[in-house]
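Me: Please take a close look at one part of this structure: its aromatic rings. Keep it brisk.

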Amino acid sequence: MKKRTPLISNTKCECGHQNPVGTVLCEACGKPLEEKGSSSGENLEMRYDGVARRSQRVNPGVIDRVWNFFSSVKIAIYLIVLTLLGSMLGTIFPQESTFLNIDASTYYKETYGTAGNIYYRLGLSHTYESWWFVTLLVMIGASLVICSLDRVLPLYKALTRQKIRKHRQFLTRQKAVLVTGVQEDPETWVAGIVEPLKKKGYRVRTEGGALLAEKHRFSRWGPYVIHIGLIIFLLAVLARGLPGLNMDQHLAFPQGEMTRIPDTTYYLLNEKFTVEFYSEAEMPEEFRGRKVLPKLYETKAKLYECTADCVDPSKEPQLAEVTSHDIRVNSPLSYKGLKAYQFDYDLTPVLRSVQPELVNSATGEAFGKFKLEMKNSQRTFQVGPYTLELKEKYMDFGLNEEGQPVSKSPNPNAPAFLFLITGPDLPAEGQQYFYFPKAIDKDQFQQQTINDKLGGGSRFLELEVKSMSDVDFAESTSFLNVRVDRAMPFVWIGAGIVMLGLVLGFYWQHRRIWLALENGELVLGGHTNKNWFGFRREIVSILKKIDMTVDEKSLDNGGGMA
């Protein structure tokens, strides 16, 4: 196997300091360590102060290769572009989560045709919850962490251990350079420039005839503060997929009915739903005669929290009221991070319960009634000598592609119940019976045909509702958008930290001035990460304080000096 050659063949500087492989500028004196360093006149690359980074190891192992992959800024850009493209794909058609009670397997094909069907089949209808999109976010987070660590740790070491006296090549290859003769004593001259530098906000350190002045070093951490904010932001976004931290559901609350909010210990009671419509005179002219527009729809809601027997379905949960609110559009009920927004309404009466009677279809003998709730139904009913055990319940009955019964939604649009009836004149194992409370559903789904097949032609028991007084309807249904987002505060914290990093990086510049006075020659080098024109003017004004007049343009070291 061919051995990889080091990035830099010799890392020992002429000053005697042994630098780590990958170092561009000597950690002690700042002398360039490139092979062409002695002859090159280009300005020095000072982005990371020439320090060695882990991604520059000579013979990387498996872990180092992974580190190198994620520490690459180019890879980070590719990941961001891929994520943006994925986000764009998620906006071609509406996501499944934006709809209420739809069958996605048929909706996209029926609404958007072949393109919509392909979109659904590819899984793009739930792009932002898909494994590949989450993986891209995780990879971006890993890239942010590793990119930051690969640079910030060596940079911190370089900035906190800066040497005052620098090599002449380091000074003369800065972008702002001044080389001139000075006849004064080096220490006296250096001591005279300290006060003007301090008045400009510089922190000054001296060593004989050498000086290092710098200010606003904290601005160098701006990009890494941004990275920290983005990491917190990404972690918060990913945490929203964890159970209990985020919920965004559209739920139906029939009037007068207590409804449990899924995945929580809360129950919400829709005491009364009210809707008001614009009169013909109040409506804008362009809408008159076309349709009825609601002016106000409001849900008088009470929120309850379960305090006992919350898990055991055989026991009635113990509830305590915690808050109440008249929910309107843009005026949600809010309690401990849970918010319920008014989303929609339906004035169609909703079946709440029925009291069917068990009869012998052959003789007409009636055995009695029982109350069958659409929600929270009992499992067993005793009617005369017969026992009815509820085996399956379908709130919105339908058939899947295999012809098996399914519930298309949790709302009682077409309720169906499968009972196992045991008692006299029935087989020992009992007889199955499908019951549709709504007459329209009995005809549509052919209840009699289904039961004939289940009973093998020997069925004689029927469930019948003989009076509308045995039927209980909710007058209307209020649809609420219930949200819980406990990760959102961390999203805002991450965004705030990003803004702090942007402010640090944009409004301050890290400025450094090195100078060395030897043998009657003054060599001054200055560096800033931006605003070079302002930096040059500042150097000129400082030198003017000690009666040294310098042309501002003469400080511009376009090609460097050997």
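Reply: Rings of Phe, Tyr and Trp, the last by its six-membered ring, pair if their centres lie within 6.5 Å. Planes under 30 degrees apart count as stacked, and over 60 as edge-to-face. The model is predicted.

By that rule, Phe-93, Tyr-107, Tyr-108, Tyr-112, Tyr-119 and Tyr-120 form one aromatic cluster. The structure holds 30 aromatic pairs. One of them joins Tyr-128 and Phe-133. Their centres are 5.4 Å apart, with 80° between the planes. That makes the pair edge-to-face, because the angle is over 60 degrees. Tyr-128 counts as partly exposed, at 32% relative accessibility. Phe-133 is buried, with a relative accessible area of 7%.

Tyr-394 and Phe-434 give a stacked pair, 6.0 Å centre to centre and 20° between the planes. Tyr-394 belongs to strand E16 (residues 386-394) and Phe-434 to strand E20 (residues 431-435), so this pair ties together parts that are 40 residues apart in sequence. Both Tyr-394 and Phe-434 are buried.

Charges also sit over rings. Lys-166 lies over the face of Phe-170, 5.0 Å from the ring centre. Arg-483 places its charged end over the ring of Tyr-341, 4.6 Å from the centre.

Phe-218, Phe-506, Tyr-507 and Trp-508 are among the members of a nonpolar surface patch. Met-499, Leu-502 and Val-503 belong to the patch too. Together the patch residues have about 700 Å² of accessible area. Phe-506 is found in helix H10 (residues 488-507). Phe-506 counts as exposed because its relative accessibility is 58%, and the cut-off is over 50%.

Methods: Residues numbered from 1 in each chain as written. Predicted model: local features only at pLDDT ≥ 70, side-chain atom pairs only at ≥ 80, totals over all residues. Heavy atoms only, no water. Patch = residues over 30% accessible without salt bridge, like charges linked within 9 Å, V, L, I, M, F, W, Y side chains within 5 Å. Areas by Shrake-Rupley, 256 points an atom, 1.4 Å probe, with all protein chains shown as cover. Salt bridge = Lys/Arg side-chain N within 4 Å of Asp/Glu carboxyl O. Helix = DSSP H or I, 4+ residues; strand = E, 2+ residues; numbered from the N terminus. Buried < 20%, exposed > 50% of the residue type's maximum accessible area, 1.4 Å probe, protein only. Lys NZ or Arg CZ within 6 Å of the ring centre and 35° of its normal.
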